[in-house]
Amino acid sequence: MSQEMNPGTYTAPVLKDFERQGAVYAGLIRTLEGGSFVHAYLISGAAGTGKRTLAAEIARFLLCTGEKRPCGACPACVQVRAGNHPDVILVQPGVPINPSVDKGLKSIPVDEIRMVNELTGQHTFVGGRRIVIIQRAEKMTPQAQNALLKTLEEPVDGTVFLLISDAPELLLTTIVSRCRALKLHPWPDDVILGVLRARGVADERAHEALHVSGGSIGRAVEVAGDENYWQRRQDVMKDFFAIESRSDVLKVSTAWKDRKEASAELLDDVEDMLRLLLLVRLGRRDAALVQGYPEAWRHMAQKGDMESFSQLLDAVSQARRMRMNQVTWQAVLEKLLLRMMEEKSKWST
Ligand SMILES: [Zn+2]
């Protein structure tokens, strides 16, 4: 963990941490500090990469009344964190700020944006600055986007729009071109581990959550706290990876044939767990992470050839296809288990 990460004092990234996402964020912080920020940002990136956190951090920075912004302690900082700062307008599908817009809509209709435009034309409550956060901005109807465009073309002094989207390609190009792009990428391992540790997640679990997170802090946090997930992983290890004989194949496929509702997750688990063996083999993950696997698999993680790994991963893909094609779930399981048994026996000593 790097020095500036402040271990133990945060459970989500703070503005400074975003510098780890690339030079554009160091530039962002400098422009915020210099007061030369633009009036619209488009924050994009995959689920769990911190888009909403970044928006909240920018809002805190711009509204903070403390000495070293964002101080985290002044009323503005506290209110932004709590989601009740009077000069932060939060727009999202289904939870309208305009009382005449129906609740629960999947889109953001034009009347909602008209309301935003009306509000941003009024005086602010506190310090002259106002932040409009539009979550899932791609859910704005074309009409709504056009209404927003007019506002972006004639910005109100002190108002900053933060558009958040994981599908920015669905926005009008005219909207995109009026915004400064802030794209978020998968996070480095040490940042994710730092967040998990700060939340009190035990080391072994944190490393495994990191492994399945794909660089998403949100996914890592979700997995780390999902007891069903950990129980299922234990079951998969105990059943699928301990397989020794054809009678085991029958026993395990019979036991799992009624858990069809978890079948997609099960195949994801098997794939993740095989992939971890491969990453250890490639030297990209610590061998300690596969200590819980039966010996034959640990042996494969030391000596396995790429061809065998790729055949195993293919077997999982094939199981997915068979499942989609309505092949009996038990038959899908048997085929996969037989392939795993065959591979495992190659590495048993
Ligand atoms: Zn503050």
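A: Buried means under 20% relative accessible area, exposed over 50%, partly exposed in between, with a 1.4 Å probe and protein chains only. Strands (E, at least two residues) and helices (H or I, at least four) are DSSP runs numbered from the N terminus.

Q: What kind of model is this?
A: It is a predicted model, where local features need pLDDT of at least 70 and side-chain atom pairs pLDDT 80 or more, while totals for chains, interfaces and linings use all residues. Residues are numbered from 1 along each chain as its sequence is written, and side-chain values use heavy atoms, leaving out hydrogens and water.

Q: Why is S1 largely enclosed by the rest of the structure?
A: Because five of the five residues of S1 (residues 40-44) are buried.

Q: Which strands does S1 pair with?
A: S1 pairs with S4 (residues 159-165) in the parallel sense over five bridges. With S5 (residues 180-183), S1 is also parallel, over four bridges. Pairing requires that DSSP finds at least two bridges between the strands.

Q: Switching to packing. Which residues touch the most other members of the largest nonpolar core?
A: Leu54 and Ile58, in a core of 45 residues. Helix H2 (residues 51-63) gives the most to this core, seven residues. A nonpolar core is a set of buried Ala, Val, Leu, Ile, Met, Phe, Trp, Tyr and Cys residues joined through side-chain atoms within 4.5 Å.

Q: What is Ile58 in contact with?
A: Leaving aside neighbours within four places in sequence, Leu28, Leu32, Ile43, Leu162 and Leu182. Contact means heavy atoms within 4.5 Å.

Q: And the metal: which residues are the protein donors of the zinc ion?
A: Cys64, Cys71, Cys74 and Cys77, each through SG, 2.2 to 2.4 Å from the zinc. Donors are N, O and S atoms within 2.8 Å of the metal (3.2 Å for Na, K and Ca); water is not among the atoms, so sites may look incomplete.

Q: How are those donor residues spaced in sequence?
A: C-x6-C-x2-C-x2-C.

Q: Is Cys64 buried or exposed?
A: Buried, at 9% relative accessibility. Cys71 is partly exposed, at 31%.
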